[in-house]
Amino acid sequence: MNLKKEYLEVFLENQEQLFDEPVAETLEEADEFLEECMAVVADDYKDLKKCFKENGGDISGMTKEEVLSQAEVFALPDGKYLIVEG
């Protein structure tokens with residue numbers, strides 16, 4: 001998948017928010033895992049909402065904070081969002 005190193009680090013550090021136990025221990029393992037589960041990087045909040053809707057996620061009626069607190073949403077350092085299906 002070749003995600004940015006910073007994105008992989010965010011996932012490695014926070015993967016417990018989505019999974020009961022670590023699914024990856026290295027950057028390479030994280031990249032392979034995210035490719036296998038077809039993770040998506042959303043450019044901004046509007047794109048994040050679009051990704052949820054396209055994949056059947058029902059976020060209607062949810063506040064921005066509620067959407068961003070979903071376990072599958074990882075906030076990235078550059079303002080983008082990594083969406084990982086659990």
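Phenylalanine 11 has a relative accessibility of 0% and therefore counts as buried, the threshold for burial being under 20% relative accessible area. The model from which this value is computed is a predicted one. Beyond its neighbours within four places in sequence, phenylalanine 11 is in contact with Phe19, Val23, Ala30, Phe33, Leu34, Phe74, Leu82 and Val84.

The structure holds 3 aromatic pairs. In one of them, the rings of phenylalanine 11 and phenylalanine 33 are stacked, with a centre-to-centre distance of 5.9 Å and an angle of 15 degrees between the planes. This pair links distant parts of the chain, since phenylalanine 11 belongs to helix H1 (residues 5–14) and phenylalanine 33 to helix H2 (residues 27–36), 22 residues apart. Phe11 and Phe33 also belong to one aromatic cluster, together with Phe19 and Phe74.

The largest nonpolar core comprises 17 residues, and Phe11, Phe33, Leu34, Leu82 and Val84 are those with the most contacts inside it. H1 and H2 are the elements that give two or more residues to this core. The greatest contribution comes from H1, with 5 residues. A second, separate core contains 10 residues, including Tyr45, Cys51, Phe52 and Ile83.

Tyrosine 45 also takes part in an interaction with a charged side chain. The charged end of lysine 64 sits over the tyrosine 45 ring, at 5.0 Å from the ring centre.

The strands are arranged as an open sheet of 3, in the order S1-S3-S2 and with antiparallel pairing. Strand S1 (40–42) and strand S2 (73–75) form the edges, each pairing on one side only. From one strand to the next, the twist averages 25 degrees. Pairing between S1 and strand S3 (residues 81–83) is antiparallel and extends over 3 bridges. Within the sheet, valine 41 stands opposite leucine 82 of S3; Leu82 is also one of the residues with the most contacts inside the largest nonpolar core.

Two helices lie across the sheet strands. Helix H1 lies across S1, S2 and S3 and runs at about 120 degrees to S2. Helix H3 (residues 45–54) likewise lies across S1, S2 and S3, in this case running at about 140 degrees to S1.

Notes
Residues numbered from 1 in each chain as written. Predicted model: local features only at pLDDT ≥ 70, side-chain atom pairs only at ≥ 80, totals over all residues. Heavy atoms only, no water. Phe/Tyr/Trp six-rings, centres within 6.5 Å; stacked < 30°, edge-to-face > 60°. Helix = DSSP H or I, 4+ residues; strand = E, 2+ residues; numbered from the N terminus. Buried < 20%, exposed > 50% of the residue type's maximum accessible area, 1.4 Å probe, protein only. Lys NZ or Arg CZ within 6 Å of the ring centre and 35° of its normal. Pairing = 2+ DSSP bridges. Axes fitted to C-alpha atoms, helices over the stretch in contact; angles between N-to-C directions. Contact = heavy atoms within 4.5 Å. Core = buried A, V, L, I, M, F, W, Y, C linked by side-chain atoms within 4.5 Å.
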